[in-house]
Amino acid sequence: MSKLMTIDELRGILVSCAGGEENAALHGDIADTSLTALGYDSLALMETAARLKVDHGVAIPDEQIIEVSTLGELLSLVNDRIAV
């Protein structure tokens, strides 16, 4: 089994995929904050999914990634796929 991803690792991927420093407000306990409220749309999530596949071997279909509403949900989805 591979090492599970931390929320900080996932946060870094989101920031680099969808806006760099202007979205650096992704700090603190934001696992249950909606991604929309944090400024992330479906395109940003699809870019994040592509990066997860290339860099970490985690494949998340577009139809699943666009249904994710919080960073915590995304982290669970990623770690469920890593654990397989």
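Buried here means under 20% relative accessible area, exposed over 50%, and partly exposed in between (1.4 Å probe, protein chains only). The model is a predicted one, with local features needing pLDDT of at least 70 and side-chain atom pairs counting only at pLDDT 80 or more, while totals for chains, interfaces and linings use all residues. Residues are numbered from 1 along each chain as its sequence is written, and side-chain values use heavy atoms, with hydrogens and water left out.

Thr48 sits in helix α2 (residues 42-56); helices are DSSP runs of H or I with at least four residues, numbered from the N terminus. Leaving aside residues up to four places away in sequence, Thr48 touches Ile13, Leu14, Cys17 and Leu74, where contact means heavy atoms within 4.5 Å. The Thr48 side chain also reaches the backbone oxygen of Ala44 at 2.9 Å.

Now to the charged pairs. The structure holds 3 salt bridges, each a side-chain nitrogen of Lys or Arg within 4 Å of a carboxyl oxygen of Asp or Glu. Lys3 pairs with Glu9, with the closest N and O atoms 3.1 Å apart; Lys3 is exposed at 61%, and Glu9 is partly exposed at 34%. Asp8 and Arg11 meet at 2.6 Å, N to O. Those two are about one helical turn apart, because they are separated by 3 residues in helix α1 (residues 7-17). Arg11 counts as buried, at 12% relative accessibility.

Back in helix α2, Arg51 and Asp55 lie 4 residues apart, about one turn of the helix, and their side chains form a salt bridge at 3.9 Å, N to O. Arg51 is partly exposed at 26%, and Asp55 is partly exposed at 47%.

Definitions and conventions:
A polar contact is a pair of N or O atoms within 3.5 Å; within protein, one must be able to donate a hydrogen and the other to accept it, and residues adjacent in sequence count only if both atoms are side-chain atoms.
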